[in-house]
Each structure stands twice: as C-alpha cells, then as structure tokens.
Amino acid sequence: MSEIPLPLRLPAESMRKIGYRAVDEIVHHLSTLSERPIGRPHDRAELERTLDVDIPTGPTEAQDVLDHVVRLLSSTITHTDHPRFMAYVPGPSTFAGSLADFLASGFNVHAAGWILGAGPAIVEQATIDWLRRMCRLPETSGGLFLSGGTMANLVAVHAARVDRSAAAGGQELVVYVTAQTHVSIRRGLRFLGFNDRQVCTVPVDGTYRLDPSALDAAIRRDRQLGRWPLCVVATAGTTNAGTVDPLPAIAEVCERRGVWLHVDGAYGAPAMLTEAGQKILAGLELADSIAIDAHKWLFQPYGCGCLLVRNARTLTAAYSLHAEYLTENRLGDEPLSYYDYGPELTRRFRALKLWMSLRTFGADAFRDAVAHGIALAERAQAVLAARPQWSVTTPAQLGIVTFRPHASGLPPADVDALTRDIAAKTLPDGFAMVLSTELGGRPVLRLCTTHPETSEDDVIAVIDRLEALAPDSAAWP
Ligand SMILES: Cc1ncc(COP(=O)(O)O)c(C=O)c1O
C-alpha cells in the first residue's frame, strides 16, 4: 500500500535514509576530528556572499539539504569539541547526549507540564537529584535545567530576591561579586533591574579569590548605609584561572549576616565528582544556590545548564505559575510541573542529555574524565615550568593554567604584545586554539584541558606550536 503524502512530512523511507545519513555524518565528524584543523577565521562579507542560505518557496530534495548543512557546519564552525581546542571551556559532547537532543526533538517532548511530560519530569528530578548529591546539598534541595550558566545565575538571583525581599523592607538591595565573577552575572543583574550602585565589587586576594574579611566589611558598611545585602555570588572555578573563592569563610559571613550565597559553579562544580575536586570545592554544600553547566565539564551538547537551590520551595515561591487554561495540569497527587521552578513555560527536555549520557557510560566514567582534565592541566603546568620560554602566571586549578612568555629582556608592555600575538596566531593556524585573558591587568595565555580525549602528547604538541608561532625575538630564550 503506498503511503499517503502528508503536509510537511517526508515519506517514512526518506526519513529513515536521511536520519541514518545524519548519524553517519556525526560519527564521521567525531571519529576524524582530531586529524582536522579546529577551524579558521571567516570574513563576514565573503560568507554572506558565498553561503547559500536563501529560503526557497518550493521543496528541495531532503538529501541535498542535509549535504548542504553538513558542508556548512564542517567548514564554517570552530570545533570546540576538538581535543586541541583549549580556549574558553571546551565543548566535547557525548554522542549519547546528542542522541538525547535528537530524541527529545523527534518526540517533541514538552518538559514543563505534568500532563504533557510526566516521565520526563521524573527523569529531570532524578538527574537534578544526582547533581544535588554531587554538590552535597541536603534533600530539601531542588532545581531545574535551563539553557546555560547565564540563565542559571540569573534565575538564582531572582529567587534570592523573592525569598529575601520581605525582610529587606524596601531598602536598596546589594549583590556582591568580584572582578573575577563571570561577566554574564553583571549582565544578568542589569536584566533583573539592578543598577551599578547595587553591585558591589569585593576585593580579591593575591590569588584572585574573594577576600572574606573585605566582604564582611562591605556588608557591614552597606547595612549602616541603610542598604540590604541580598546575595553574594562566589565562584567555584573562575573562567579566567580556575580559582575557587574560599567558600567556607564566605558561607560563614553569609550565614552570620543573613545573606544568600549563590555559587557560580558553571564550569567548576563537576570537579566534585573527584576526590581532589571535593577538597578544592569544600564548602560548596553550604550554598543557597549553585549554577552548573552540564554543557561544560559534564560533556553535554550546548544548551544544558542547571540550577540547584538549597530549598526547592524558594524556586516555586519565585516562579510558580497559574493560568486558567493550566487547571487540569494541577489534578492528581502532587504533580511535578517544571514550569513552576523557573521562568520558562514550554521547555525543552534538557535533562535527557545528561541522564542518557550517565546511563550509557555510568557516573564513574564522568568522574574519571573530570579527573583526567584536572591532571592534564597540572601536567601542562609542569611542562611550561620546565621550559625557559614560559612563566606560569596561575598554577593549574580545575583544569586551567595561565602563563606568559618569559622574555627577560623585554619590557612588560612588549611581553603583553607578544602574548596577544601568539594567541591571535592560533586562529588562522588551526592546529590548536589557545586564547588570552587578563589577570592583574596583563594579558596571559590560558590552557583549559577539560576535554576527556585530550592527551598529554596533545598538550606538549600545543605548547610546541605556541613556541613555533611566536615571532622571532632576541629576548625569547
Ligand atoms: C564561571 C562561568 N559562569 C557562567 C558562564 C556562562 O555560562 P553560559 O555560557 O552557559 O551561559 C560561564 C561560561 O560561559 C562560566 O565559565
């Protein structure tokens, strides 16, 4: 019996064919990536001229569309999942996570209301609970999946505001950050309506960690001025250097002064899976809320952030939603609807990625992969320290090490220029990507070694390459 064509539906056989092809392309991408360049810089005008992105009024053969997309993706993106991509926080993602994304779309899961996605809600709850236990939060805790760290931080601060605003009695609220706090927090605070005066930048110590006594003094001063200290944003793994703010001391100040402690563990929190990380992140369990990006050090495709809160009720108090047309969703015995926990109504089933990856590989494999990233940065530090060309700026911490060329004859400004020059040259070179950041007002190079497939040989080859990319300099040893 021949298939009756349906609007906007490909015949079953075509769906199968291109679906299999798409899988083949992804597997090919993953298995050959390390032999290919990471990417190359693009010229906007050239891409606008040469990329065929017109929307036709009539159909195109699905196979041709797929081929076109695969060509486009393989030639115009930077592969953050490449084992020699050591900039920012690398984005290696498990195939199980990609399949989960595909399945969540294919079944078009509505992961918000109980009557639309009961099983997915239970999966999300179980995955959140796994993260909760990883962070050693109590059983009263809860949370939800969001698009990423930016949203998790923003949703946390708003929950803090709702939780504490009655006590504030209309006084101006203040949020405490440091110069090392991720830039997305300031943007999020602006979005939530905080002005610059309401954001207090607390000094850091010589190792770029928040100074708890300076925090205490700032809170005391604000109270005296009739302002209401709302929330401290501490970081468990700064993006610049992997440093962790002294969480126990900060938690003590917050507890004593009645201030909400939010910890941005977007990239660093998964280190809690390892013994070394548990020591470095001691005190994480004292947080009122924690942001974690599963699309960073838990190896998921992008769009997989998570927020945990110490008391799940603080999320429902801030976000629970009622609309007359959602009435039936409330029927039954304590239904679990994730639209009650955050700002989104219709939501993707993001938890499935992490859950499916954990089911496929087991939690121990994640622990080992994170431990590998921590050890690799320590190895990179040892290699850099042994070479006269480099000086280490900040030691290996949570998979990040920063360093500068050691050019003793050059004034610091010239070393700055050399540092930037080396980073910029990695872009067209395509062998590795190592970019710069700034610490103490000076540019530094930064290696982030969190990709589980990056090897020690890769790290050495990347450092060799940076030396080869440096311009000849009399001062370079
Ligand atoms: C510490 C930290 N916080 C927040 C973010 C923002 O997360 P996202 O890009 O997922 O929104 C990042 C990185 O991007 C980060 O490293």
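Visitor: In what sense do S10 and strand S11 pair, and over how many bridges?
Guide: S10 pairs with S11 (residues 442-448) in the antiparallel sense, over 5 bridges. Strands pair if DSSP finds at least two bridges between them; strands (E, at least two residues) and helices (H or I, at least four) are DSSP runs numbered from the N terminus. This is a predicted model, where local features need pLDDT of at least 70, side-chain atom pairs count only at pLDDT 80 or more, and totals for chains, interfaces and linings use all residues. Residues are numbered from 1 along each chain as its sequence is written, and side-chain values use heavy atoms, leaving out hydrogens and water.

Visitor: Which residue in S11 is the bridge partner of Leu439?
Guide: That is Arg442.

Visitor: What's the strand order in the sheet?
Guide: The order is S8-S9-S11-S10 in an open sheet of 4 strands, with antiparallel pairing. S8 (390-397) and S10 (435-439) are the edge strands, each pairing on one side only.

Visitor: And which strands does helix H13 lie across?
Guide: H13 (residues 363-386) lies across S8, S9 (400-405) and S11, in contact (heavy atoms within 4.5 Å). H13 runs at about 160 degrees to S8, with angles taken from 0 to 180 degrees between N-to-C directions of axes fitted to C-alpha atoms, for helices over the stretch in contact.

Visitor: New topic: at what angle do H4 and H12 cross?
Guide: The axes of H4 (residues 95-106) and H12 (residues 351-361) cross at roughly 135 degrees and come within 8 Å.
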